[in-house]
Structures are given as C-alpha cells and as structure tokens.
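Hi,

Here's the structure I promised to pass on. Have a look at it first, and then read on for what turned up.

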Amino acid sequence: MKKLWLNIKETAKWLFDWKDWKLLFRSIPSTIIALFVLSVVAMNILANRELINWVWVDNGPFAGVGLGLDCGFTVSWVSFLFMDSICKRWGPKASTKVSLFALFVNLVLTGIFALLMLTPGNWGAAYDSIESMDVINKALNSTLSGTWYVVVGSSVAMLVSAIANSFINWFIGKAMRDTDADISFRKFAARSFISTGIAQFIDNLVFALLVSKIFFGWTWWQVVICSLVGAVFELLCEVILSPIAFKMVKSWKKENVGDDYIKYLKTSGRTKEIEL
C-alpha cells in the first residue's frame, strides 16, 4: 500500500511539473504538436462516419463477424507515428504528455461544439433540402457535439492506448539497445510497428467494450474481430510512412532539436527515460 501511494505521488509530481511541460513543448517542433493534436481531433470526428461495413456471417454463434471500419482510421495512425517519434527522441513520458495535451484539446473542442450546437441556426447543408432541414440540422449537431458515452469511450481508449504505445515502444527499444549512437531504421521500425500494432488493438478494443458492446449490442466476436482488423489497417498506414518519420527523428538528433529538454531530464535524474 505504501509503494502504491508513493507511485501515485510520483505520478502526480510528474503530471504537474510545469517546468517539464514548458521545456517539452518548447523542444518539440510546433508543427509536430499541431499535426498531432489535429489528427486526434480529426479522427474523433471522422469516426462518426462509416467507411466499410461488411457482414460475413448473419446467423449462429459467429453472427455479426465481418469487416467494419470507420473513416477515423485514415488519420488515427498519424498520432501513433508521432508518439513513436517523440518516444524515440524524448522518452515515453514525453510522448504520454503530448498525448494528454491532445486529448485535453479534443475534449475542450467537443465541449465548445456541444455548446454551439445548442444555439439556433441552420447548417449550410440544410438548405440543400428545405423539407428535411430539421433532420439534417439535428444529425450534424449530434455528430459534432458527440454523444456522452462516445466521448467518454474514445477518451478512455485514447488515454490507455497512448500510455501502452509509449511504454511498449520504450521497453522494446531498451531490449534492443536502440540508442542515439546507433540509430537504424530496422530498430526504429521494429519498436514502432510492434508498439503501434498492440496499442491500436487496445485502442479499438477498449472503445468497442465501452461503447459498441454496451450501447450498440455488439457480440464478443464483433468486438475482437473488428478491433483486430482495424489495428491491422491502421498499422499498414504507419508502415508506409515510417521511413519519413525515421528521417525526421534522425534530423532531430543531427540538429540537436530539443536538447534543452534532454539536459533537463539528465539534471533531474531521469536519464533512464532516454538512455537505453
């Protein structure tokens, strides 16, 4: 119990270390932060639109098994690719903090959207079909404001998968001795692909368990199969663009990008986060 309390205190100290936050966000290129946040916001909005819904089995114990993907998967891999890149350069806790920031921004925007959707007015698309104006307005308002259980489910899934991705990536790098002195695409790809594949599955699984199974009546087969299939497709997107991320990480090292944060970690006794 005492150890648990100490871990909670250490986590709270790390979470509310404002000097750490400031140095970290000064160290990571602003373009990366912006694209990271944008990808999180975009994937939560696009997740409202179905892309593929193929049911292969209609009856029996495997009823509902098939291929289901929403449009969110087309951008969700971006945040995981940036997580892997940030983790490689600044460690798993830095990657987790950026994920927390993106999640916070997404929740704030969802709240703002929800308030704005309570105001009177029509969407531009509603004027395309005057007789269906109310239906169109309600549908678009509901999409942007988000249903409470979808917002909660996606937030919890994002939080759990981000932590899992960052630390799995770090542990694999540690096991492979993937140091800055020996930067290779083989090691970068191995730690990125494995951590992303597992974390994407966790992300899909947590959301499916909290939302799809409880509120939409998914079977266990649907939960597992759709979570796995979604993770595979999302991983494939990262695989294609991972060489670009690797070159980016190498350039950060070569140009000493974010060295101030790395020095701060060393002076704070947190070198194990970056020295494998």
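This is a predicted model: local features need pLDDT of at least 70, side-chain atom pairs count only at pLDDT 80 or more; totals for chains, interfaces and linings use all residues.

Two or more lining residues come from each of α3 (30-46), α5, α6 (133-145) and α7, and α5 has the largest share, with four. By class, seven of the lining residues are nonpolar and seven polar, while none is charged.

Next, the second largest pocket, which holds about 480 Å³ of space. Here 16 residues form the lining, and Glu10, Trp14, Lys93, Arg270 and Glu273 lie nearest the centre. At least two residues each come from α1, α5 and α7 (148-176), and α1 gives the most, with five. This lining does have charged residues: seven of them, along with five nonpolar and four polar ones.

Last stop, helix α2, which covers residues 18-27. Which of its residues are buried? They are Asp20, Trp21, Leu23, Leu24 and Ser27. The cover over them includes α1 (2-15), α4 (73-90), α5 (92-116) and α10 (259-267). A handy thing to know when you look at any such helix: an α-helix has 3.6 residues a turn, so residues three or four places apart point the same way.

Cheers

Key: Residues are numbered from 1 along each chain as its sequence is written. Side-chain values use heavy atoms; hydrogens and water are left out. Buried means under 20% relative accessible area, exposed over 50%, partly exposed in between (1.4 Å probe, protein chains only). Contact means heavy atoms within 4.5 Å. On a 1 Å grid over the protein atoms alone, a cavity is a set of points where a 1.4 Å probe fits but cannot get out, and a pocket is an open set with protein on both sides within 12 Å along at least five of seven lines; lining residues have an atom within 4 Å of a point. Grid points are joined across faces, edges and corners, and a volume is the space filled by probe spheres set on the points. Ala, Val, Leu, Ile, Met, Phe, Trp, Tyr, Cys and Pro count as nonpolar, Asp, Glu, Lys and Arg as charged, and the others, Gly among them, as polar.
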